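Have the structure open and follow along.

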Amino acid sequence: MIVSSTTDFREAARRKLPRFLFDYIDGGAYAERTLARNVSDLADLALRQRVLKDVSRVSTATSLFGVEQSMPVVLAPVGLTGMYARRGECQAVRAASAKGVPLCLSTVSVCDVDEVAAASSRALWFQLYVLRDRAFMRDLLARAEAAGASTLVFTVDMPVPGARYRDAHSGMSGPNAGARRILQAMGRPQWAWDVGVMGRPHTLGNVAPVLKGNTGLEDFMGWLGANFDPSIQWKDLEWIRQSWKGPLVIKGVLDPEDAKAAADIGADGVVVSNHGGRQLDGVLSSAKALPAIADAVGDKLTVLADGGVRSGLDVVRMLALGAKGVLLGRAAVYALAARGQAGVTQLLDLMEKEMRVAMALTGVNSVSEIDRSILAETR
Ligand code: FNR
(Lines give C-alpha, C1' and ligand atoms only; values in the text may rest on other atoms or scores of the structure.)
Protein backbone atom coordinates (compact mmCIF):
# COMPACT_ATOMS: atom_id res chain seq x y z
CA MET A 1 0.00 0.00 0.00
CA ILE A 2 1.38 3.43 -0.95
CA VAL A 3 1.26 5.74 2.03
CA SER A 4 1.37 9.45 1.37
CA SER A 5 -0.88 11.07 3.95
CA THR A 6 -2.25 10.67 7.46
CA THR A 7 -5.40 9.21 5.91
CA ASP A 8 -3.31 6.42 4.38
CA PHE A 9 -1.51 5.76 7.66
CA ARG A 10 -4.86 5.63 9.44
CA GLU A 11 -6.15 3.05 6.99
CA ALA A 12 -2.97 0.97 7.30
CA ALA A 13 -3.25 1.14 11.11
CA ARG A 14 -6.89 0.06 10.92
CA ARG A 15 -5.90 -3.01 8.95
CA LYS A 16 -3.05 -3.90 11.25
CA LEU A 17 -4.41 -3.36 14.75
CA PRO A 18 -6.98 -5.39 16.66
CA ARG A 19 -10.28 -3.54 16.52
CA PHE A 20 -10.35 -2.58 20.20
CA LEU A 21 -6.97 -0.84 19.92
CA PHE A 22 -7.75 0.93 16.67
CA ASP A 23 -11.02 2.20 18.15
CA TYR A 24 -9.23 3.28 21.33
CA ILE A 25 -6.88 5.46 19.24
CA ASP A 26 -9.35 6.64 16.63
CA GLY A 27 -12.35 7.31 18.84
CA GLY A 28 -13.47 10.18 21.03
CA ALA A 29 -16.08 10.98 23.66
CA TYR A 30 -19.85 10.52 23.20
CA ALA A 31 -20.99 11.38 19.66
CA GLU A 32 -17.46 12.49 18.71
CA ARG A 33 -18.59 15.96 17.65
CA THR A 34 -15.61 17.77 19.20
CA LEU A 35 -13.28 15.19 17.69
CA ALA A 36 -14.77 15.87 14.25
CA ARG A 37 -14.65 19.66 14.73
CA ASN A 38 -11.02 19.55 15.79
CA VAL A 39 -10.31 18.27 12.30
CA SER A 40 -12.90 20.23 10.30
CA ASP A 41 -12.48 23.65 11.97
CA LEU A 42 -8.79 23.49 11.21
CA ALA A 43 -9.23 22.17 7.69
CA ASP A 44 -11.86 24.85 6.94
CA LEU A 45 -9.46 27.66 7.72
CA ALA A 46 -8.66 29.51 4.49
CA LEU A 47 -5.20 30.89 3.85
CA ARG A 48 -4.14 33.91 1.83
CA GLN A 49 -2.18 32.89 -1.23
CA ARG A 50 0.63 35.39 -1.77
CA VAL A 51 2.98 35.55 -4.75
CA LEU A 52 6.39 36.93 -5.75
CA LYS A 53 7.61 37.26 -2.17
CA ASP A 54 11.07 35.62 -2.57
CA VAL A 55 10.47 32.38 -0.70
CA SER A 56 13.84 30.88 -1.57
CA ARG A 57 14.88 30.66 2.11
CA VAL A 58 11.92 28.83 3.68
CA SER A 59 12.93 27.25 6.98
CA THR A 60 10.76 25.31 9.42
CA ALA A 61 13.37 25.58 12.20
CA THR A 62 12.30 27.03 15.53
CA SER A 63 13.00 26.73 19.22
CA LEU A 64 10.74 25.82 22.12
CA PHE A 65 11.77 26.63 25.70
CA GLY A 66 15.21 27.62 24.46
CA VAL A 67 15.91 24.35 22.63
CA GLU A 68 16.36 24.31 18.86
CA GLN A 69 14.21 21.98 16.81
CA SER A 70 13.86 21.32 13.10
CA MET A 71 10.16 22.20 13.06
CA PRO A 72 7.48 23.39 15.49
CA VAL A 73 6.17 19.88 16.14
CA VAL A 74 6.20 17.65 19.22
CA LEU A 75 4.96 14.06 19.39
CA ALA A 76 2.06 14.20 21.85
CA PRO A 77 1.86 11.96 24.90
CA VAL A 78 -0.23 8.95 23.88
CA GLY A 79 -0.97 6.19 26.37
CA LEU A 80 -0.31 2.52 25.51
CA THR A 81 1.94 3.42 22.55
CA GLY A 82 3.89 0.22 23.17
CA MET A 83 0.74 -1.71 22.20
CA TYR A 84 0.70 -0.23 18.69
CA ALA A 85 4.22 -1.37 17.75
CA ARG A 86 6.92 -3.36 19.54
CA ARG A 87 8.52 -1.12 22.19
CA GLY A 88 6.50 1.55 20.41
CA GLU A 89 7.60 4.54 22.50
CA CYS A 90 11.24 3.72 21.70
CA GLN A 91 10.57 3.38 17.99
CA ALA A 92 8.71 6.71 17.98
CA VAL A 93 11.42 8.56 19.91
CA ARG A 94 14.15 7.26 17.61
CA ALA A 95 12.28 8.70 14.63
CA ALA A 96 11.46 11.98 16.39
CA SER A 97 14.91 12.65 17.81
CA ALA A 98 16.63 11.80 14.51
CA LYS A 99 14.33 14.32 12.87
CA GLY A 100 15.13 16.95 15.50
CA VAL A 101 11.83 17.14 17.33
CA PRO A 102 10.93 16.13 20.90
CA LEU A 103 8.62 13.36 22.01
CA CYS A 104 6.52 13.81 25.11
CA LEU A 105 6.29 10.49 26.96
CA SER A 106 2.92 9.62 28.52
CA THR A 107 2.61 8.64 32.18
CA VAL A 108 0.77 5.53 30.95
CA SER A 109 3.37 4.35 28.43
CA VAL A 110 4.43 0.74 28.05
CA CYS A 111 8.17 1.52 27.94
CA ASP A 112 9.30 3.41 31.02
CA VAL A 113 11.06 6.76 31.03
CA ASP A 114 14.55 5.24 31.40
CA GLU A 115 14.12 2.90 28.43
CA VAL A 116 12.76 5.71 26.22
CA ALA A 117 15.39 8.25 27.33
CA ALA A 118 18.09 5.71 26.43
CA ALA A 119 16.61 5.33 22.92
CA SER A 120 16.46 9.09 22.33
CA SER A 121 19.21 11.33 21.00
CA ARG A 122 17.66 14.44 22.56
CA ALA A 123 16.03 15.33 25.88
CA LEU A 124 12.54 13.89 26.38
CA TRP A 125 9.49 15.81 27.44
CA PHE A 126 7.57 13.98 30.13
CA GLN A 127 3.81 14.05 30.71
CA LEU A 128 2.40 13.67 34.19
CA TYR A 129 -1.13 12.84 35.29
CA VAL A 130 -2.56 13.70 38.69
CA LEU A 131 -2.47 10.47 40.64
CA ARG A 132 -3.99 10.02 44.09
CA ASP A 133 -0.70 8.66 45.39
CA ARG A 134 1.27 11.92 45.67
CA ALA A 135 4.38 10.21 47.06
CA PHE A 136 4.45 8.07 43.93
CA MET A 137 4.00 11.17 41.74
CA ARG A 138 7.02 12.76 43.41
CA ASP A 139 8.95 9.58 42.75
CA LEU A 140 7.95 9.55 39.12
CA LEU A 141 8.99 13.19 38.73
CA ALA A 142 12.36 12.38 40.23
CA ARG A 143 12.75 9.45 37.84
CA ALA A 144 11.89 11.65 34.85
CA GLU A 145 14.38 14.27 35.99
CA ALA A 146 17.10 11.65 36.53
CA ALA A 147 16.42 10.31 33.02
CA GLY A 148 17.17 13.81 31.69
CA ALA A 149 13.63 14.91 30.79
CA SER A 150 13.76 18.62 30.01
CA THR A 151 10.13 19.74 29.95
CA LEU A 152 7.27 18.62 32.16
CA VAL A 153 3.79 18.52 30.63
CA PHE A 154 1.15 18.34 33.30
CA THR A 155 -2.18 17.14 31.90
CA VAL A 156 -5.18 18.62 33.68
CA ASP A 157 -8.16 17.74 31.47
CA MET A 158 -8.66 14.23 32.83
CA PRO A 159 -9.92 14.53 36.41
CA VAL A 160 -12.29 11.74 35.36
CA PRO A 161 -12.10 9.54 32.26
CA GLY A 162 -14.39 10.72 29.43
CA ALA A 163 -17.28 8.51 28.30
CA ARG A 164 -16.18 6.85 25.08
CA TYR A 165 -18.82 4.72 23.42
CA ARG A 166 -16.42 2.92 21.13
CA ASP A 167 -14.37 1.77 24.13
CA ALA A 168 -17.55 0.57 25.84
CA HIS A 169 -18.49 -1.44 22.75
CA SER A 170 -15.05 -2.93 22.29
CA GLY A 171 -14.68 -3.85 25.97
CA MET A 172 -11.70 -1.51 26.32
CA SER A 173 -13.43 0.41 29.08
CA GLY A 174 -14.80 -2.66 30.81
CA PRO A 175 -13.28 -5.17 33.19
CA ASN A 176 -12.96 -7.74 30.40
CA ALA A 177 -10.51 -5.67 28.38
CA GLY A 178 -7.64 -8.02 29.18
CA ALA A 179 -9.48 -11.17 28.14
CA ARG A 180 -10.77 -9.54 24.97
CA ARG A 181 -7.30 -8.33 24.16
CA ILE A 182 -5.98 -11.87 24.04
CA LEU A 183 -8.92 -13.11 21.97
CA GLN A 184 -8.60 -10.29 19.49
CA ALA A 185 -4.85 -10.70 19.31
CA MET A 186 -5.50 -14.22 18.00
CA GLY A 187 -7.44 -12.68 15.15
CA ARG A 188 -4.50 -10.41 14.29
CA PRO A 189 -1.48 -12.69 14.38
CA GLN A 190 0.72 -10.21 12.53
CA TRP A 191 0.06 -7.55 15.16
CA ALA A 192 0.51 -10.02 18.01
CA TRP A 193 3.85 -11.04 16.53
CA ASP A 194 5.00 -7.48 15.78
CA VAL A 195 4.11 -6.17 19.22
CA GLY A 196 5.20 -9.30 21.04
CA VAL A 197 2.11 -9.62 23.25
CA MET A 198 2.40 -13.37 23.22
CA GLY A 199 5.91 -13.28 24.64
CA ARG A 200 7.01 -10.69 27.16
CA PRO A 201 3.88 -9.53 29.02
CA HIS A 202 3.20 -5.86 28.49
CA THR A 203 2.76 -3.59 31.44
CA LEU A 204 2.60 0.16 31.98
CA GLY A 205 6.28 0.77 32.71
CA ASN A 206 6.17 4.12 34.54
CA VAL A 207 3.35 3.20 36.88
CA ALA A 208 4.32 -0.46 37.43
CA PRO A 209 5.04 0.18 41.16
CA VAL A 210 1.41 1.19 41.82
CA LEU A 211 -0.18 -1.54 39.71
CA LYS A 212 -0.04 -4.11 42.53
CA GLY A 213 0.87 -7.08 40.40
CA ASN A 214 -1.43 -6.20 37.47
CA THR A 215 -0.20 -5.09 34.08
CA GLY A 216 -2.50 -2.06 34.13
CA LEU A 217 -4.05 -3.29 30.90
CA GLU A 218 -6.61 -5.75 32.31
CA ASP A 219 -8.97 -2.91 33.16
CA PHE A 220 -7.18 0.15 31.86
CA MET A 221 -10.03 2.69 32.03
CA GLY A 222 -11.07 1.33 35.42
CA TRP A 223 -7.53 1.79 36.67
CA LEU A 224 -7.47 5.38 35.42
CA GLY A 225 -10.78 6.10 37.14
CA ALA A 226 -9.57 4.63 40.43
CA ASN A 227 -6.14 6.26 40.48
CA PHE A 228 -6.66 9.71 38.97
CA ASP A 229 -7.43 12.40 41.49
CA PRO A 230 -10.47 14.59 40.74
CA SER A 231 -9.87 16.80 43.80
CA ILE A 232 -6.91 18.63 42.25
CA GLN A 233 -7.04 22.45 42.14
CA TRP A 234 -4.72 25.20 40.90
CA LYS A 235 -3.17 25.60 44.35
CA ASP A 236 -2.07 21.95 44.28
CA LEU A 237 0.15 22.81 41.34
CA GLU A 238 2.41 24.90 43.53
CA TRP A 239 4.38 21.91 44.76
CA ILE A 240 4.83 20.67 41.20
CA ARG A 241 6.08 24.10 40.18
CA GLN A 242 8.47 24.08 43.11
CA SER A 243 9.74 20.56 42.54
CA TRP A 244 10.30 20.85 38.75
CA LYS A 245 13.12 23.20 37.83
CA GLY A 246 12.72 22.99 34.05
CA PRO A 247 9.89 24.34 31.88
CA LEU A 248 6.40 23.40 33.10
CA VAL A 249 3.56 23.18 30.60
CA ILE A 250 -0.12 22.80 31.53
CA LYS A 251 -1.91 20.61 28.97
CA GLY A 252 -5.65 20.62 28.45
CA VAL A 253 -6.50 24.32 28.67
CA LEU A 254 -9.42 25.52 26.55
CA ASP A 255 -10.42 28.74 28.29
CA PRO A 256 -8.54 32.06 28.55
CA GLU A 257 -9.30 32.29 32.30
CA ASP A 258 -7.59 28.95 32.89
CA ALA A 259 -4.65 30.02 30.74
CA LYS A 260 -4.26 33.11 32.96
CA ALA A 261 -4.38 30.88 36.04
CA ALA A 262 -1.58 28.78 34.52
CA ALA A 263 0.50 31.94 34.12
CA ASP A 264 -0.28 32.91 37.73
CA ILE A 265 1.07 29.65 39.16
CA GLY A 266 4.32 30.20 37.26
CA ALA A 267 3.87 27.78 34.36
CA ASP A 268 6.00 28.40 31.28
CA GLY A 269 3.47 27.20 28.74
CA VAL A 270 0.05 25.76 28.03
CA VAL A 271 -1.23 23.26 25.50
CA VAL A 272 -4.59 24.37 24.13
CA SER A 273 -6.23 20.97 23.95
CA ASN A 274 -9.44 19.05 24.51
CA HIS A 275 -7.51 15.77 24.71
CA GLY A 276 -8.21 15.06 21.06
CA GLY A 277 -11.98 15.18 21.63
CA ARG A 278 -11.72 12.29 24.07
CA GLN A 279 -13.02 13.99 27.21
CA LEU A 280 -16.06 16.29 27.05
CA ASP A 281 -17.81 16.09 23.72
CA GLY A 282 -19.35 19.46 22.86
CA VAL A 283 -16.49 21.66 24.02
CA LEU A 284 -14.83 24.02 21.54
CA SER A 285 -12.41 22.67 18.98
CA SER A 286 -8.80 23.60 19.64
CA ALA A 287 -8.74 25.78 16.51
CA LYS A 288 -11.68 27.83 17.81
CA ALA A 289 -10.35 28.10 21.37
CA LEU A 290 -6.76 28.98 20.46
CA PRO A 291 -6.94 32.64 19.27
CA ALA A 292 -8.53 33.97 22.49
CA ILE A 293 -5.98 32.10 24.61
CA ALA A 294 -3.05 33.35 22.51
CA ASP A 295 -4.43 36.90 22.91
CA ALA A 296 -4.82 36.47 26.69
CA VAL A 297 -1.44 34.94 27.58
CA GLY A 298 0.70 34.82 24.43
CA ASP A 299 3.06 37.47 25.83
CA LYS A 300 3.58 35.55 29.10
CA LEU A 301 3.45 31.89 28.13
CA THR A 302 4.51 29.66 25.27
CA VAL A 303 1.18 28.67 23.78
CA LEU A 304 1.15 25.21 22.18
CA ALA A 305 -1.88 23.48 20.69
CA ASP A 306 -3.11 20.09 19.54
CA GLY A 307 -6.22 18.46 18.17
CA GLY A 308 -7.04 17.64 14.58
CA VAL A 309 -3.60 18.27 13.08
CA ARG A 310 -3.33 15.86 10.18
CA SER A 311 -0.87 17.60 7.80
CA GLY A 312 1.94 20.13 7.62
CA LEU A 313 -0.63 22.55 6.30
CA ASP A 314 -2.61 22.08 9.54
CA VAL A 315 0.58 22.82 11.52
CA VAL A 316 0.87 26.15 9.68
CA ARG A 317 -2.81 26.87 10.36
CA MET A 318 -2.35 26.29 14.13
CA LEU A 319 0.66 28.62 14.11
CA ALA A 320 -1.40 31.23 12.25
CA LEU A 321 -4.01 31.01 15.03
CA GLY A 322 -1.36 31.81 17.63
CA ALA A 323 0.42 28.57 18.60
CA LYS A 324 4.22 28.49 18.84
CA GLY A 325 4.26 24.71 18.47
CA VAL A 326 1.91 21.87 17.70
CA LEU A 327 1.53 18.39 19.21
CA LEU A 328 0.73 15.43 16.97
CA GLY A 329 -1.43 12.76 18.58
CA ARG A 330 -3.29 10.37 16.32
CA ALA A 331 -1.33 11.22 13.16
CA ALA A 332 1.88 9.98 14.78
CA VAL A 333 0.43 6.81 16.28
CA TYR A 334 -1.35 5.83 13.08
CA ALA A 335 2.06 6.07 11.37
CA LEU A 336 3.73 4.11 14.17
CA ALA A 337 1.10 1.37 14.10
CA ALA A 338 1.32 1.17 10.31
CA ARG A 339 5.09 1.09 9.89
CA GLY A 340 6.89 1.49 13.20
CA GLN A 341 9.85 3.86 13.37
CA ALA A 342 10.02 4.17 9.56
CA GLY A 343 6.37 5.23 9.52
CA VAL A 344 6.96 8.03 12.03
CA THR A 345 10.01 9.21 10.07
CA GLN A 346 7.94 9.20 6.89
CA LEU A 347 5.15 11.15 8.59
CA LEU A 348 7.53 13.80 9.95
CA ASP A 349 9.20 14.17 6.53
CA LEU A 350 5.76 14.60 5.00
CA MET A 351 4.77 17.21 7.59
CA GLU A 352 7.95 19.18 6.94
CA LYS A 353 7.45 19.11 3.19
CA GLU A 354 3.85 20.23 3.52
CA MET A 355 4.83 23.01 5.91
CA ARG A 356 7.42 24.27 3.44
CA VAL A 357 4.90 24.38 0.60
CA ALA A 358 2.31 26.13 2.77
CA MET A 359 4.88 28.69 3.93
CA ALA A 360 6.13 29.37 0.40
CA LEU A 361 2.61 29.86 -0.95
CA THR A 362 1.57 32.14 1.89
CA GLY A 363 4.72 34.17 1.36
CA VAL A 364 6.70 33.50 4.55
CA ASN A 365 10.25 32.23 5.01
CA SER A 366 10.39 31.63 8.75
CA VAL A 367 8.17 30.21 11.48
CA SER A 368 8.29 33.52 13.37
CA GLU A 369 6.63 35.27 10.40
CA ILE A 370 3.56 33.02 10.59
CA ASP A 371 0.67 34.88 12.20
CA ARG A 372 -2.98 35.72 11.57
CA SER A 373 -2.03 37.86 8.59
CA ILE A 374 -1.64 34.68 6.49
CA LEU A 375 -5.31 33.80 7.07
CA ALA A 376 -7.82 34.85 4.45
CA GLU A 377 -10.60 35.67 6.88
CA THR A 378 -10.13 37.23 10.27
CA ARG A 379 -12.21 35.35 12.81
C1 FNR B 1 -4.14 10.64 24.01
N2 FNR B 1 -3.85 11.83 24.70
C3 FNR B 1 -3.16 11.78 25.88
N4 FNR B 1 -2.80 12.93 26.51
C5 FNR B 1 -2.06 12.90 27.65
O6 FNR B 1 -1.73 13.96 28.19
N7 FNR B 1 -1.67 11.69 28.18
C8 FNR B 1 -2.00 10.50 27.62
O9 FNR B 1 -1.62 9.45 28.11
C10 FNR B 1 -2.80 10.53 26.45
N11 FNR B 1 -3.20 9.37 25.85
C12 FNR B 1 -3.83 9.40 24.62
C13 FNR B 1 -4.11 8.20 23.97
C14 FNR B 1 -4.65 8.23 22.69
C15 FNR B 1 -4.90 6.94 21.97
C16 FNR B 1 -4.93 9.48 22.06
C17 FNR B 1 -5.48 9.54 20.66
C18 FNR B 1 -4.68 10.66 22.73
C19 FNR B 1 -4.16 13.13 24.06
C20 FNR B 1 -3.02 13.57 23.14
O21 FNR B 1 -1.87 13.91 23.87
C22 FNR B 1 -3.40 14.80 22.31
O23 FNR B 1 -3.88 15.81 23.15
C24 FNR B 1 -4.46 14.50 21.24
O25 FNR B 1 -4.25 13.23 20.67
C26 FNR B 1 -4.41 15.56 20.15
O27 FNR B 1 -5.38 15.35 19.18
P28 FNR B 1 -5.10 14.58 17.79
O29 FNR B 1 -3.75 15.06 17.26
O30 FNR B 1 -5.07 13.14 18.10
O31 FNR B 1 -6.24 15.00 16.94
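Let's start with L211, which is buried at a relative accessible area of 3%. Keep in mind that this is a predicted model. L211 sits in a loop, the one running between α9 (189-195) and α10 (220-227). What does L211 touch once its neighbours within four places in sequence are left aside? The contacts are T203, L204, G216 and W223. Take W223 from that set: L211 and W223 are 12 residues apart in sequence, and their C-alpha atoms are 8.6 Å apart in space.

T34 belongs to α3 (residues 33-43), while S286 is part of α13, which covers residues 286-297.

| Residue | Where | Relative accessible area |
|---|---|---|
| L211 | loop between α9 and α10 | 3% |
| T34 | helix α3 | 0% |
| S286 | helix α13 | 0% |

The cut-off for buried is under 20% relative accessible area, so T34, at 0%, counts as buried. S286 is buried too, with 0% relative accessibility.

Who surrounds T34? Skipping residues up to four places away in sequence, T34 touches N274, G277, L280, D281, G282, V283 and L284. By contrast, T34 and V303 are 269 residues apart in sequence, with 21 Å between their C-alpha atoms.

For S286, with residues up to four places away again not counted, the contacts are N38, V272, S273, N274, D306, G307 and M318.

Where does α15 bend? Look at R339, where the bend is about 140°. Just past the end of α15, G363 has a positive phi of about 80°.

α15 also has a packing partner in α2 (residues 19-26): the two helices meet at an angle of about 155°, and their axes are 10 Å apart. That angle makes α2 roughly antiparallel to α15. On the α2 side, the residues involved are F22, I25 and D26, and they meet R330, V333 and Y334 of α15. By type, the contact has four nonpolar residues, two charged ones and no polar ones. As for the spacing, an α-helix has 3.6 residues a turn, so residues three or four places apart point the same way.

Definitions and conventions
Residues numbered from 1 in each chain as written. Predicted model: local features only at pLDDT ≥ 70, side-chain atom pairs only at ≥ 80, totals over all residues. Heavy atoms only, no water. Bend = angle between axes of the 7 residues up to and from the residue. Helix = DSSP H or I, 4+ residues; strand = E, 2+ residues; numbered from the N terminus. Axes fitted to C-alpha atoms, helices over the stretch in contact; angles between N-to-C directions. Parallel < 35°, antiparallel > 145°, perpendicular 65-115°, else oblique. Contact = heavy atoms within 4.5 Å. Nonpolar A, V, L, I, M, F, W, Y, C, P; charged D, E, K, R; others polar. Buried < 20%, exposed > 50% of the residue type's maximum accessible area, 1.4 Å probe, protein only.
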